[in-house]
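Trainee: Before I rely on the labels attached to this model, I would like to go through them with you and ask what stands behind each one.
Mentor: Then let us look at it together and take the labels in turn.

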Amino acid sequence: MVQAKNAAPKGSGQKGCNLDALPLNKILQGDCIDAMNALPEKSVDVIFADPPYNMQLNDTLKRPDNSKVNGVDDAWDKFSSFSAYDEFTYRWLQAAKRVLKDTGTIWVIGSYHNIFRVGTALQNLEYWVLNDVVWRKSNPMPNFRGTRFTNAHETLIWAAKSADKGGYTFNYNAMKAMNDDTQMRSDWTLPICSGKERLKSGGKKAHATQKPESLLYRVLMSSTKPGDVVLDPFFGTGTTGAVAKKLGRNFIGIERETDYIKVARKRIAETEVLDEEAQGFTESKRAAPRVAFGSIVERGMIEPGTTLYDSKRKFAARVRTDGTLIADTVKGSIHQVGAGVQGAPACNGWTFWHVENKGELQSIDVFRQQVREELH
């Protein structure tokens with residue numbers, strides 16, 4: 001079924017997730033800590049947070065032509081001290097941990113001004129860091145004063161709820177496919193938000209630190225599935241919401257500033273949802289339903305007594321009624337027998353063994369794929 005262009009994404013229907021209790025695809029105005037504490041416990045799949053950087057700017061920054069640089073001088077980015085910033089960081093991260101599912105993950109982005117303090121807070125709260133990702137800006141703002149290196153990157157920390165919380169989503173195969181079939185690395189070269197993508201209000205930037213959609217696209221493609229709930233506690237002008245809607249994810253935004261909310265609502269309303277076919281992506285093999293060789297036998301796809309061969313017909317084994325194999329010197333699962341006949345420590349029996357079909361050998365993995373398609 002194809003969704004209407006501006007329809008909200010469907011729910012994921014995961015266990016323990018009462019989507020009806022959540023303000024899906026809405027922007028909540030107010031303090032992020034209060035808003036998160038009002039949400040149901042363990043209710044969101046992924047959090048993307050772009051908190052204040054606490055830039056600590058004291059002087060007006062000017063270009064060589066004496067024109068003013070529009071940096072981050074908003075009130076929301078100013079804190080009285082490092083200890084005040086740390087207290088705020090601990091409080092919002094605690095609220096985030098409460099609302100995050102046990103299988104969920106959190107992304108936090110920052111610059112050298114704040115990311116080390118945020119990282120300390122994350123680890124002190126016993127989040128488990130999975131990666132630190134360097135966003136290398138292909139078109140960074142130059143260092144106009146010439147007093148230090150150009151700040152050409154920001155850091156994202158990706159973390160699980162704790163060291164013992166597994167089952168989180170990582171779309172490894174999709175990331176590999178996006179990267180020309182090469183493993184995606186933790187250094188991402190992407191442009192900063194500029195040109196037509198940069199939102200304006202009254203002829204000026206609508207938000208000083210608007211993130212590019214390409215960055216959120218990669219974040220959500222790597223760590224969410226269609227129907228997942230993505231929370232952004234510092235929603236700004238709605239980059240997370242726009243990308244989530246486009247990809248068929250649900251979002252919850254939290255934002256204090258009325259002007260940002262107006263821009264975000266208009267932006268998201270104009271964003272179209274991809275149809276279900278376009279939302280498809282290369283799934284991880286681990287995410288595919290597990291299929292036992294015994295189920296292939298009981299379905300009659302391969303009969304007991306059938307002889308299986310390796311691709312070169314060097315080894316042979318017969319199928320038994322319970323889905324185990326027996327060869328001259330070993331018996332057991334398709335994997336155990338495959339390893340045994342080769343004298344190898346391990347073997348993937350699905351790709352090793354073949355069945356004869358009209359005089360040609362066919363991998364038994366074909367039957368596993370057929371069963372998986374039925375299960376889907």
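Trainee: What makes the charged end of Lys-137 count as sitting over the ring of Trp-135?
Mentor: The charged end of Lys-137 is 5.2 Å from the centre of the Trp-135 ring, and the rule asks for a distance within 6 Å together with a position within 35 degrees of the ring normal. Bear in mind that this is a predicted model. Another such arrangement involves Arg-313, whose charged end sits over the ring of Tyr-309 at 5.1 Å from its centre.

Trainee: Turning to ring against ring, why is the pair of Trp-107 and Trp-158 called stacked?
Mentor: By the rule for aromatic pairs, the count comes to eleven. For Trp-107 and Trp-158, the ring centres are 5.2 Å apart and the planes stand at 15°, so the pair is stacked; the cut-offs behind that label are centres within 6.5 Å and planes under 30 degrees apart.

Trainee: What do these two tryptophans tie together?
Mentor: Trp-107 belongs to strand S3 (residues 100-110) and Trp-158 to strand S5 (residues 153-160), so their pairing ties together parts that are 51 residues apart in sequence. Both rings also belong to one aromatic cluster, formed by Trp-107, Trp-158, Tyr-168, Phe-170, Tyr-172 and Trp-188.

Trainee: How do you know whether Trp-107 and Trp-158 are buried or exposed?
Mentor: Buried means under 20% relative accessible area. Trp-107 has a value of 2% and is therefore buried, and Trp-158, at 4%, also counts as buried. Across the protein chain, buried residues make up 44% of the 376 residues.

Trainee: Which label does accessibility give to Lys-42, and which to Asp-181?
Mentor: Lys-42, in the loop between H1 and S2, has a relative accessible area of 36% and is therefore partly exposed, a label that covers values between under 20% and over 50%. Asp-181, in the loop between helix H4 (172-178) and strand S6 (187-190), counts as exposed because its relative accessibility is 59%. Each has a positive phi without being a glycine: about 55° for Lys-42, and near 60° for Asp-181.

Trainee: What makes strands S15 and S16 a pair?
Mentor: The rule needs at least two bridges, and strand S15 (residues 354-357) is joined to strand S16 (residues 360-363) by four bridges in the antiparallel sense.

Trainee: Why are S14 and S16 said to stand at the edges of their sheet?
Mentor: The open sheet has six strands in the order S14-S13-S12-S11-S15-S16, with antiparallel pairing. Strand S14 (331-332) and S16 each have a single partner strand, so one side of each is left without a neighbour in the sheet.

Trainee: What makes Ile-296 count as buried, and which residues does Ile-296 touch?
Mentor: Ile-296, found in helix H9 (residues 293-298), is buried because its relative accessible area is 0%, against a cut-off of under 20%. Leaving aside residues up to four places away in sequence, Ile-296 touches Val-291, Met-301, Ile-302, Trp-350, Phe-367, Arg-368 and Val-371. Ile-296 and Phe-367 are 71 residues apart in sequence, while their C-alpha atoms are 6.9 Å apart in space.

Trainee: To finish, where does Thr-271 lie, and what does its side chain reach?
Mentor: Thr-271 lies in the loop between helix H7 (258-269) and helix H8 (276-279), and its side chain reaches the backbone oxygen of Arg-267 at 2.9 Å, where a polar contact requires a distance within 3.5 Å. With a relative accessible area of 11%, Thr-271 is therefore buried.

How values were computed: Residues numbered from 1 in each chain as written. Predicted model: local features only at pLDDT ≥ 70, side-chain atom pairs only at ≥ 80, totals over all residues. Heavy atoms only, no water. Buried < 20%, exposed > 50% of the residue type's maximum accessible area, 1.4 Å probe, protein only. Polar contact = N/O pair within 3.5 Å; in protein donor to acceptor, adjacent residues only side chain to side chain. Phe/Tyr/Trp six-rings, centres within 6.5 Å; stacked < 30°, edge-to-face > 60°. Contact = heavy atoms within 4.5 Å.
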